Amino acid sequence: MPQLSLYLNEPTMALLREDCQKSGNSLSRYVSELITAKRTESSWPQGYWDNVYGALDDDSFQVPSELDGKLDGELPEF
């Protein structure tokens with residue numbers, strides 16, 4: 001099984017040990033789960049867009065018509 005060495009300062013290591021103890025996992029398993037979760041989880045909480053995006057409940061709100069892109073004028077060259 002591959003191994004990984006980490007160099008952490010003492011305060012960071014103390015935080016890691018504390019979180020590891022709270023989770024009830026070994027240090028290796030806890031760090032492995034952190035890495036796996038980072039790759040599989042969305043950066044937005046579950047259901048965030050269901051409760052925010054499009055949730056405006058206001059009868060006076062009207063979706064504006066699409067604007068003509070030609071009104072922007074000429075784009076500068078960089």
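This is a predicted model: local features need pLDDT of at least 70, side-chain atom pairs count only at pLDDT 80 or more; totals for chains, interfaces and linings use all residues.
Hi everyone, let's start with H1 itself. Helix H1 runs over residues 10-23, so that's 14 residues by the definition of a helix used here. From its first C-alpha to its last, H1 reaches 20 Å, close to the 20 Å expected at 1.5 Å a residue.

Now, which residues of H1 are buried? They are Met-13, Leu-16 and Cys-20. These residues cover an arc of only 60 degrees around the axis, so they lie on the same side of H1.

On the face of H1 turned away from its buried side you'll find the exposed residues Pro-11, Leu-15, Gln-21 and Lys-22.

So what covers the buried residues of H1? The cover includes helix H2, residues 27-40. H1 and H2 pack at an angle of about 95 degrees, with their axes 9 Å apart. That angle makes H1 roughly perpendicular to H2.

Let's look at who meets whom. From H1 we have Met-13, Leu-16, Asp-19, Cys-20 and Ser-23, and from H2 they meet Leu-27, Tyr-30 and Val-31. The residues of this contact divide into six nonpolar, one polar and one charged.

One last stop, in H2: Ser-28 has its place in this helix. Is Ser-28 buried or exposed? Ser-28 counts as exposed, because its relative accessibility is 59%, and the cut-off for exposed is over 50%. The C-alpha atoms of Ser-28 and Leu-4 are separated by 9.2 Å, with the two residues 24 apart along the chain.

How values were computed:
Residues are numbered from 1 along each chain as its sequence is written. Side-chain values use heavy atoms; hydrogens and water are left out. Helices (H or I, at least four residues) and strands (E, at least two) are DSSP runs, numbered from the N terminus. The expected span of a helix is 1.5 Å times one less than its number of residues. Buried means under 20% relative accessible area, exposed over 50%, partly exposed in between (1.4 Å probe, protein chains only). The arc is that of the directions from the helix axis to the C-beta atoms. Contact means heavy atoms within 4.5 Å. Axes are lines fitted to C-alpha atoms, for helices over the stretch in contact, and angles run from 0 to 180 degrees between N-to-C directions. Angles under 35 degrees count as roughly parallel, over 145 as roughly antiparallel, 65 to 115 as roughly perpendicular and the rest as oblique. Ala, Val, Leu, Ile, Met, Phe, Trp, Tyr, Cys and Pro count as nonpolar, Asp, Glu, Lys and Arg as charged, and the others, Gly among them, as polar.
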